[in-house]
Amino acid sequence: MAKLEILEFPDNRLRTVAKPVNAFDSALGQLVDDMIETMYFAQGIGLAATQVNVHKRLLVLDVSEKQDQPRVYINPELTESEGTETCEEGCLSVPGIYAEVSRAERIRVSAQDRDGNLFEEELDGMHAICLQHEIDHLNGKLFVDYLSPLKRRMVTKKLEKQRKTAGQKNSRALL
Ligand code: NI
């Protein structure tokens, strides 16, 4: 397994719209394993392929308390959504920045597993929020896009400053 480099905002490669996965081969399995390792190493609870500069529709997440239940969603599609929930989100690609984002409270998702088998799930809570955040990544969208232009400029400035004084860590949920 190998740890992958995570792209950081405002890197334009994060704006790429990912393409569907067609080949469920050993290379895909390796990518999934590497993404899970990278997510755990970075102490995130979700990671989309876009963030590691692979522009395929796949994401991993683990919202379990002990971080021992990794989940893989390949070619995920939201088929239903209802309600609204607001949560403070962070992102491995936007380090040190947290902001409230409103998303659907309950969703239904269809996806494929690493062998290509189709499955469907109904999700709520952090699992639903994380999945919506990661699917946004696959569409080239970041959680800071939901903020006002003024707030987004503040985020960009804060990130520049942070990079100059690197090494700060934060313990909230990173998706
Ligand atoms: Ni993210």
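Helices (H or I, at least four residues) and strands (E, at least two) are DSSP runs, numbered from the N terminus. This is a predicted model: local features need pLDDT of at least 70, side-chain atom pairs count only at pLDDT 80 or more, and totals for chains, interfaces and linings use all residues. Residues are numbered from 1 along each chain as its sequence is written, and side-chain values use heavy atoms, with hydrogens and water left out.

Helix H1 to begin. Just after H1, Gln 43 takes a positive phi of about 60°. H1 covers residues 26-41. The buried residues of H1 include Leu 28, Leu 31, Met 35 and Met 39. Buried means under 20% relative accessible area, exposed over 50%, partly exposed in between, with a 1.4 Å probe and protein chains only. Among the elements covering those H1 residues are strands E1 (46-48), E2 (58-61) and E3 (71-82).

Now the metal. Which protein donors does the nickel ion have? Cys 91 (SG), His 133 (NE2), His 137 (NE2) and Leu 175 (O), at 2.1 to 2.3 Å. Donors are N, O and S atoms within 2.8 Å of the metal (3.2 Å for Na, K and Ca); water is not among the atoms, so sites may look incomplete. The angles run from 88 to 150°, so the arrangement is irregular. Four donors count as tetrahedral if all angles lie between 85 and 135 degrees; four count as square planar and six as octahedral if opposite donors are over 155 degrees apart and all others between 65 and 115; anything else is irregular. The donor spacing in sequence is C-x41-H-x3-H-x37-L. His 133 sits in helix H2 and Leu 175 in the segment after helix H3, so the pair ties together parts 42 residues apart in sequence. His 133 is buried at 2%, and Leu 175 at 1%.

On to charges. The structure holds 12 salt bridges, each a side-chain nitrogen of Lys or Arg within 4 Å of a carboxyl oxygen of Asp or Glu. Arg 103 pairs with Glu 89, closest N and O atoms 2.6 Å apart. That joins strand E5 to strand E4, 14 residues apart. Arg 103 is buried at 7%, Glu 89 at 0%. Arg 103 also meets Asp 136 at 3.0 Å, N to O. Asp 136 lies in helix H2, so this pair ties together parts 33 residues apart in sequence.

Key:
The expected span of a helix is 1.5 Å times one less than its number of residues. Contact means heavy atoms within 4.5 Å.
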